[in-house]
Amino acid sequence: MHYSTPFGKRPMAKKAFITGITGQDGYYLADFLLDKGYDVYGLVRSSSLEIPQRIGKLAGRVHIDHGDLTDSLSIREIIERVQPDEIYNLAAQSHVQWSFKLPENTFDTTGSGCIRMLEAIRQTCPQARFYQASSSEMFGLVQEVPQRETTPFHPRSPYGVAKVAAFWATINYREGYNMFACNGILFNHESPRRGEDFVTRKITKAAARIALGLQDKLILGNLDVKRDWGYAPEYVRAMWLMLQQETPEDYVIATGETHTVREFCEIAFRRAGLDWEKHVEIDPRFFRPAEVNLVIGDASKAMRQLGWEHKTSFPQLVEIMVDADLEAARQEAKIP
Ligand code: NAP
Ligand code: GDD
């Protein structure tokens, strides 16, 4: 396909539609696809706050469409009109602890929202390639170490249950309707754009603010849990790679290393010039009714078939996040 320009015919850019574009991954994925020459469309809730600040340098470079994953009509209208080549379903109520307080709302967005997307695609744009943001939270009470594509699921939260439903819905539409639909089973991935209620960003922001005298303590929950933490900009490339393959499949994306929340604290506070033990307090309020104590992923299928691997080490990730939060804290404290 081509379109006319004053300089002659140009190949038509591929169109990508991203739900959750105001979130961490939506931002990095949109930026990545824009660099690849895609025409990027993003779903934004009408209730989303501070959209220009949230999407930062994407403003003016992406098409914003208003809608909601809980509203099938809005999703269908956009997909039918835009006719995207690739659709990335990143929108979710993605906070595990909140999902215990909001189980029904979480299922509606994170579980049924995926089914609404798949059905809208089936009805109006069945040739589109679909990516579902599946999660290591589906492994929950892990049945095997490390976790791979074949490891059975045992979700431990309403969020995990909703993600399992979305995972199987994606496979169901692939098998039932021959749609190009993939699950990326991503393990935790972080960045300076991580939401401030997730443990990594909560720690790096607090370490930076304590170092600059803007805050005196940090209150956390369980420090013993272990996560496989990677760097978000590297993970969005894996999403794109999955949709460029000949056949749709599901892939684990992970670093293959696991660390405790305590280790994260130690490195973060050290980077900010502090001793974490002098500033961190524990409050049972941040413990969960059921916990995922350990996750560690085996991404060898993605390495073999997609040529994907993580590059940023765990200490580097922590330092990138602390440095960004130190910069933000300096601005907050008005230190030049
Ligand atoms: P995030 O920062 O929490 O972003 C979630 C996005 O979903 C936001 O843009 C949010 O919009 C949007 N959203 C929430 N409810 C919605 C609704 N009803 N309709 C439309 N949009 C809605 O999440 P993330 O870290 O970027 O993660 C992206 C996806 O990957 C999520 O599905 C998450 O569950 C999954 N995942 C994340 C990780 C990780 O470690 N980051 C690992 C595995 C899987 P507002 O701005 O309006 O709130
Ligand atoms: N959020 C938070 N706040 N978590 C804390 C705290 C705290 O004060 N203290 C300890 N933790 C522990 C939690 O109990 C959990 O075991 C771990 O830190 C990580 O919590 P989060 O950063 O909230 O992430 P998550 O692992 O529960 O979920 C994230 O990763 C999943 C992939 O496995 C989210 O991004 C999910 O959307 C994603 O699917």
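A: A salt bridge is counted here when a side-chain nitrogen of Lys or Arg lies within 4 Å of a carboxyl oxygen of Asp or Glu. The model is a predicted one, in which local features need pLDDT of at least 70, side-chain atom pairs count only at pLDDT 80 or more, and totals for chains, interfaces and linings use all residues. Residues are numbered from 1 along each chain as its sequence is written, chains are lettered from A and ligands numbered from 1 in the order in which they are written, and side-chain values use heavy atoms, with hydrogens and water left out.

The protein chain is divided into domain 1 (2–190 + 231–253) and domain 2 (199–226 + 258–292 + 312–333), with bounds that come from an automatic or database domain assignment. Between the C-alpha centres of domain 1 and domain 2 the distance is 29 Å. Ten residues from domain 1 and 13 residues from domain 2 take part in the contact, where contact means heavy atoms within 4.5 Å.

About 1,100 Å² is buried between domain 1 and domain 2, and carbon and sulfur atoms give 57% of that area; buried area is the accessible area (1.4 Å probe) that two parts lose on being put together, summed over both. On the side of domain 1, the residues that lose the most area to domain 2 are Gln97, Glu190 and Tyr231, which together make up 49% of what that side buries.

Between domain 1 and domain 2 there are zero salt bridges, whereas four residue pairs, both members at pLDDT 80 or more, are in polar contact. A polar contact is a pair of N or O atoms within 3.5 Å; within protein, one must be able to donate a hydrogen and the other to accept it, and residues adjacent in sequence count only if both atoms are side-chain atoms. Helix H4 (residues 96–101) gives the most to the side of domain 1 that touches domain 2, namely three residues; helices (H or I, at least four residues) and strands (E, at least two) are DSSP runs, numbered from the N terminus.

Elsewhere, the structure as a whole holds 25 salt bridges. In one of these, the side chains of Arg148 and Asp298 meet at 3.4 Å, N to O. Arg148 lies in the loop between strand E7 (129–135) and helix H6 (158–177) and Asp298 in the loop between strand E15 (280–282) and helix H10 (300–306), so the pair ties together parts that are 150 residues apart in sequence.
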